[in-house]
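Dear colleague,

I am passing a structure on to you, and I would ask you to look through it before reading the notes that follow.

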Amino acid sequence: MRLRLIKPGTFMMGSAKEESWRYDDEQPQHSVEITRPFYLGVFPVTQAEYVRVTGQKNPSWFSSEGGGKTKVDGLNTSKFPVEEVNWDEAAALCEALNRLDVKRPARGKYALPTEAEWEYACRAGSKTAYFFGSNS
């Protein structure tokens, strides 16, 4: 898994009032400061990585054993992103990574990003509704 350092900074979290497609829980838009750097995965966790690290069955719908297996018949889904993973399963993946003898992130442990860390990284310094602008 490849990680990228996300440097601290300040951003406007949530959606602006003029964004008609916003959800109620994205209000009010407010300033948030990320005070410490953190690492975030560059790519989604693959199905093969999830199984290898957790030792659990592949939970993905789009896999050879999943409910959507007819949609991916004949495809090697091992490099597809793992999906159908709930928060507890994602946290268990982080715990399993922490048990491995591998180079760890700066603070010494893998963890799920907070909502603020995730939005900050996704916005990538933009001031618009999306990191690529305001037009969906």
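In this predicted model, the sulfur of Cys-122 lies 16 Å from the closest cysteine sulfur, which belongs to Cys-94, and that is too far for a bond, because a disulfide needs a pair of cysteine sulfur atoms within 2.5 Å. In keeping with this, the structure holds 0 disulfides, and Cys-94 likewise takes part in none, the nearest cysteine sulfur to it being that of Cys-122. As for how far each of these two cysteines is covered, Cys-94 counts as buried because its relative accessibility is 10%, whereas Cys-122, at 37% relative accessibility, counts as partly exposed.

Leu-5 belongs to strand β1, which covers residues 3-6, and with a relative accessibility of 38% Leu-5 counts as partly exposed.

Please look also at Thr-46, which sits in the loop between β4 (38-41) and α1 (47-54). Is Thr-46 buried or exposed? Thr-46 is buried, because its relative accessible area is 16% and buried means under 20%. Which residues is Thr-46 in contact with, once its neighbours within four places in sequence are left aside? They are Ser-78, Lys-79, Phe-80, Pro-81 and Val-82.

Terms used: Residues are numbered from 1 along each chain as its sequence is written. This is a predicted model: local features need pLDDT of at least 70, side-chain atom pairs count only at pLDDT 80 or more; totals for chains, interfaces and linings use all residues. Side-chain values use heavy atoms; hydrogens and water are left out. Helices (H or I, at least four residues) and strands (E, at least two) are DSSP runs, numbered from the N terminus. Buried means under 20% relative accessible area, exposed over 50%, partly exposed in between (1.4 Å probe, protein chains only). Contact means heavy atoms within 4.5 Å.
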